[in-house]
Amino acid sequence: MIMNIIETSGLGKRYGGTWALRECTLAIPAGHVAALVGPNGAGKTTLLNLAVGLAEPSAGGITVLGGLPAGSPAALDGIAFVAQDTPLYKNLSAADMLHLTRNLNRRFDQHYAETRLGELGIPLHRKAGKMSGGQQAQLALTLALARRPKLLVLDEPVAMLDPVARHDFMATVLTAMADDGVSVVLSSHVLAELERVADYLILLSRGRVQVAGEVDGLLASHRMLTGPTTEADKYAERPVVHVQRGGAQTHLLVRATADDPVPPSWEAHPVDLEELAMAYLREPGAGALPGPSRGRGTQPSEVTR
Amino acid sequence: MSIGKGDGAQAGGTGASPASAGGGTPGGGPRGPGSRIEFRLDATSGVPTYLQLVHQVEHALRLGYLKRGDQLPKVRDVVASLAINPNTVLKAYRDLEVKGLAAGRPGQGTFIQATLGQVALPELAGLHKSLLGWLTTADSAGLDEDGIVALFTSALRDFYERRGGTGDRRGAASGETEGVA
């Protein structure tokens with residue numbers, strides 16, 4: 001019942017002498033929008049490419065859709081992938097792209113694809129190269145969803161889109177999730193918009209998993225403490241993730257719940273997803289891999305600084 | 001619930017939303033037939049998305065925009081118009097169910113089951129009118145919007161403190177169940 005849509009164990013990928021991803025152990029449950037966040041070069045695209053079978057692991061293993069080897073025919077059948085630059089053949093019309101995709105896949109819902117493009121106002125005869133960025137992204141997404149995947153993988157799907165196109169694109173993705181229960185894994189560095197979209201967060205940094213868990217759980221287990229700078233160093237009861245020091249006042253992002261005691265003369269506030277992600281991204285040494293549901297002994301479960 | 005952004009943040013969110021439920025309500029072109037309210041999101045409020053949805057339903061209930069038997073917008077329609085995670089909408093609706101305000105009907109959707117309005121609509125209209133009168137006085141006395149809100153909030157707190165009640169916990173469970181029954 002609780003299927004892992006992607007599961008990795010000690011996964012690593014080396015290009016030449018450089019590890020793009022290493023010691024990656026993850027279990028992303030189905031039914032979520034999982035956001036893969038991290039700076040450029042953190043290994044996001046590498047992890048996604050491994051999941052969809054476009055790359056082979058150099059170390060460890062990766063399975064998808066509840067235990068299928070990534071890249072196996074059964075796995076490919078249930079996964080749709082939209083790559084970073086929403087690649088389309090610029091000289092082909094929308095109709096040609098539908099035709100091509102239908103013939104390259106075992107399953108393709110022509111009716112869904114045509115209806116969807118109609119709703120979006122994208123004429124079937126228009127060549128991909130003549131479409132706006134938003135239309136191209138929607139066409140690529142429509143081709144992916146018409147394969148009726150169980151898992152939709154999106155690499156930086158909205159990075160190049162304007163705010164309206166971004167909203168419409170995500171609305172299409174999330175409606176597919178509501179209608180068909182598609183699980184979504186997407187990479188992004190647009191942190192501000194993740195809060196509405198993602199309910200599972202994976203932070204990657206320098207090729208390693210820094211944070212992984214359900215957003216609700218992560219937010220509930222972190223607090224922002226604000227207090228006098230003179231006392232900032234004394235505070236050591238809870239693990240401190242990030243320190244923002246001012247002349248008089250200091251903000252500490254700590255791992256603590258609403259029930260944990262607040263030191264005298266300090267104030268505790270809840271954090272939002274963006275603050276949480278930013279704090280960890282600024283402290284690549286810190287990590288939070290709560291995952292109480294997973295019993296792997298190799299994961300550090302406390303913050304280290 | 002465990003997320004709770006703290007009472008301060010919640011009160012701020014509720015206070016900031018009066019325009020919301022009123023805006024999209026009467027014939028404002030709801031998507032699904034039967035959905036009487038349209039949700040909106042305030043990205044800057046700091047209130048978690050699901051709580052914003054809960055607050056807007058409660059707000060609409062208090063002001064009589066939603067009544068027993070009304071259908072809440074379908075999850076899919078909320079997702080499509082706001083581009084938010086379906087699990088967030090489900091969480092909000094589950095929260096409303098736990099509070100006894102709404103109930104899911106399999107295959108149909110989520111429906112309002114109880115009201116929060118302790119006061120009948122005509123009376124509400126009367127109170128609204130007298131408040132407008134007071135606002136006019138405050139305005140001509142030179143108070144700006146922030147000043148009015150600050151004054152009103154502090155008077156409200158005084159009022160409930162004097163009564164010994166729990167004034168700043170509007171919509172706390174006890175008050176709701178009273179209204180429900």
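Which residue in β7(A) is the bridge partner of A:A80? A:L152 is that partner. This is a predicted model, in which local features need pLDDT of at least 70, side-chain atom pairs count only at pLDDT 80 or more, and totals for chains, interfaces and linings use all residues. Residues are numbered from 1 along each chain as its sequence is written, with chains lettered from A and ligands numbered from 1 in the order in which they are written.

Strand β6 of chain A spans residues 79-82; strands are DSSP runs of E, at least two residues, and helices are runs of H or I, at least four, numbered from the N terminus. β6(A) pairs with β7(A), residues 151-155, in the parallel sense over four bridges. Pairing takes at least two DSSP bridges. In general, side chains of a regular strand alternate between the two faces of the sheet. Both faces of β6(A) are covered: A:I79 and A:F81 are buried on one side, A:A80 and A:V82 on the other. Buried means 20 or more other C-beta atoms within 10 Å of the residue's own, with C-beta atoms placed from the backbone.

Elsewhere in chain A, four strands form an open antiparallel sheet in the order β12-β13-β11-β14. Its edge strands, β12 (240-245) and β14 (267-270), each pair on one side only. Seven bridges join β11 (222-228) to β13 (249-255), which run antiparallel. There, A:R223 stands opposite A:V254.

Finally, A:L201 is in contact (C-beta atoms, placed from the backbone, within 7 Å) with A:A35, A:V37, A:V211, A:G213, A:V215, A:L218 and A:L273, leaving aside neighbours within four places in sequence.

Terms used. A residue is buried if 20 or more other C-beta atoms lie within 10 Å of its own, exposed if 12 or fewer, and partly exposed in between; C-beta atoms are placed from the backbone. Two residues are in contact if their C-beta atoms, placed from the backbone, lie within 7 Å.
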